[in-house]
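Reader: I would like to learn how to read helix packing and ligand contacts in a model. Where do we begin?

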Amino acid sequence: MADGPAAVVIDHIGLLWTMDAGAGDDGAQALHGAAMREVGAVQDAAVAFDGEGRVCAVGPRAGVRECIGPATEVVDAAGGFVCPAFVDAHTHLVHAGSREAECVMRLAGADYLDVLRAGGGIMQTVRETRAAPFAALLGQARESARRMLAHGVTTLEAKTGYGLELEAELRQLRVAAAVAEGLPQKIVHTAMPAHAIPPERRNDRDRFVREIVDMLGPMRDAGAEFADVFVEEGVFSVDEGRFILSRAKELGLGVKVHADELAPSGGAKLAAELGAASADHLLFATDDSLRGLAQAGTVAVCLPGTSFYLQKPAARARFMMDEAGLAVAVASDYNPGSAPSENFALVMSLAFFHLRMTPEEVFCAATRNAACAIGRGGRAGVLKVGLPGDLVVFAARHPTYILSHYGESQVQAVFAGGRRVYGEVATSRSRGSRA
Ligand code: NIG
Ligand code: FE
């Protein structure tokens with residue numbers, strides 16, 4: 001329990017899921033398979049934040065209310081559901097323009113990779129992103145992050161990959177950093193100059209791959225913590241991915257792979273071989289490669305919004321959890337070409353319906369396991385004494401209602417670092433306030 005009076009107490013929580021698996025759990029490791037359902041449920045709960053914005057007490061109301069002092073701000077959750085704030089572990093936040101015209105082409109039979117090969121797709125966004133002024137990129141990214149916040153996302157990963165040359169890639173990193181300066185969210189940066197091969201470099205791809213490797217050092221120095229490669233038939237080969245990501249590891253970067261998104265391409269196997277932090281997409285990953293990811297301690301990041309938007313089959317999340325014993329996370333993949341929606345609530349509903357995950361699994365995948373996929377295990381995604389006071393207060397009382405009421409937000413308020421950063425809640429100073 002807290003040493004002194006709390007700065008803020010979120011009181012009258014009907015149901016709290018802490019994502020704390022109990023005694024001996026420091027919250028730093030992803031939960032695997034059946035353990036993803038251990039959400040640390042507390043009925044009639046409260047959470048207290050200290051003056052530094054960290055959780056100083058959490059659990060049944062009676063105990064937490066003991067740390068209410070005369071100056072404590074008491075927030076009335078009105079019986080709603082509360083969980084750790086969400087972590088979006090895979091976004092292409094910074095880009096210019098939009099590509100809705102490709103939907104019409106795909107609906108008429110065009111293939112995602114054919115559009116890219118013809119110089120559209122990712123390459124169209126590369127051209128628009130390179131040409132856009134910094135302020136325009138910042139405005140668009142800031143608006144997207146603000147929308148994510150309204151859905152309870154207080155930590156997100158942001159990839160580069162629409163520059164494909166050093167200056168333009170560094171500019172994407174700088175835009176993402178500027179977004180984080182102006183908004184309450186924390187952003188984890190991933191260098192992804194290996195997102196596409198420009199058509200004019202196809203005959204010269206070995207040199208382009210070496211140039212990508214040369215970009216990684218400066219990008220690390222500019223704040224990137226991870227490197228990611230789009231390993232896919234027709235994009236980067238497994239050997240190219242291995243070459244780039246081995247060098248990334250030598251530079252001290254964490255490793256991620258866009259793996260087996262459109263065809264079985266060997267990406268998941270490579271991710272396991274390299275001990276990647278995450279392998280993402282995985283629609284066409286084989287049973288063996290999924291088992292390999294579990295052994296390597298790699299988090300499987302499912303992106304159900306992308307499968308929906310590209311009209312692909314859902315990833316095999318049930319196999320991942322039930323058979324392979326994997327730690328699964330869900331993320332938005334927010335980008336203009338394959339997942340143009342910042343609506344994290346909808347992504348979670350799609351995980352519930354299309355990935356057939358239970359509500360417990362979905363919330364674990366969107367919080368604790370997502371944090372582990374971006375190197376924030378034990379720092380985000382869990383409500384535990386000493387960890388940041390990032391949480392979501394829902395107007396709804398049960399997580400199943402939240403997931404089934406698809407496409408609508410049930411978020412009442414969002415707290416980051418112990419401060420309310422979105423929404424409205426009834427608040428009082430504690431003097432005179434009674435249970
Ligand atoms: O994760 N697959 C590669 N990258 C993104 C799509 C990017 C785009 O189409 O602009 C993805 O789906
Ligand atoms: Fe992606």
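Author: Begin with the idea of a polar contact, which is a pair of N or O atoms within 3.5 Å. The model here is predicted. A polar side-chain atom of His92 lies 3.4 Å from an oxygen atom of ligand 1.

Reader: Which residue has a side-chain N or O atom 2.5 Å from an oxygen atom of ligand 1?

Author: That residue is Tyr112. On the nitrogen side of the ligand, look at His195: an N or O atom of the His195 side chain is 2.8 Å from a nitrogen atom of ligand 1.

Reader: How many residues are around ligand 1, and which come nearest?

Author: There are 15 residues around ligand 1. Arg99, Tyr112, Tyr162, Glu261 and Ser338 come nearest.

Reader: Now the helices. What describes two packed helices?

Author: Two packed helices are described by the angle between their axes and the distance between the axes. Take helix 6, residues 166-182, and helix 7, residues 205-221: the angle is about 30° and the axes are 10 Å apart. Angles under 35 degrees count as roughly parallel, and helix 6 and helix 7 are therefore roughly parallel to each other. Their crossing is right-handed.

Reader: Which residues of helix 6 and helix 7 meet?

Author: From helix 6 come Leu166, Glu169, Leu170 and Leu173, and from helix 7 come Met215, Pro218 and Met219. By class, this contact has six nonpolar residues, no polar ones and one charged.

Reader: At what angle do helix 8 and helix 9 pack?

Author: Helix 8 (residues 238-250) and helix 9 (residues 267-274) pack at about 25°, with axes 10 Å apart. That angle makes helix 8 roughly parallel to helix 9. The crossing of this pair is right-handed. Helix 8 contributes Val238, Gly241, Arg242, Leu245, Ser246 and Lys249, while helix 9 contributes Leu270, Glu273 and Leu274. The contact residues divide into four nonpolar, two polar and three charged.

Reader: How do the axes of helix 13 and helix 14 cross?

Author: The axes of helix 13 (residues 344-353) and helix 14 (residues 359-366) cross at roughly 135° and come within 9 Å. Helix 13 and helix 14 are therefore oblique to each other. Helix 13 passes helix 14 in a right-handed crossing.

Reader: What classes of residue make the contact of helix 13 with helix 14?

Author: First the names: Phe344, Met348, Ala351 and Phe352 in helix 13 meet Pro359, Val362, Phe363 and Ala366 in helix 14. The contact has eight nonpolar residues, with no polar and no charged ones.

Notes: Residues numbered from 1 in each chain as written. Chains lettered and ligands numbered in written order. Predicted model: local features only at pLDDT ≥ 70, side-chain atom pairs only at ≥ 80, totals over all residues. Heavy atoms only, no water. Axes fitted to C-alpha atoms, helices over the stretch in contact; angles between N-to-C directions. Helix = DSSP H or I, 4+ residues; strand = E, 2+ residues; numbered from the N terminus. Parallel < 35°, antiparallel > 145°, perpendicular 65-115°, else oblique. Left-handed = near helix turned anticlockwise from the far one by under 90°. Contact = heavy atoms within 4.5 Å. Nonpolar A, V, L, I, M, F, W, Y, C, P; charged D, E, K, R; others polar. Near = heavy atom within 4 Å. Polar contact = N/O pair within 3.5 Å; in protein donor to acceptor, adjacent residues only side chain to side chain.
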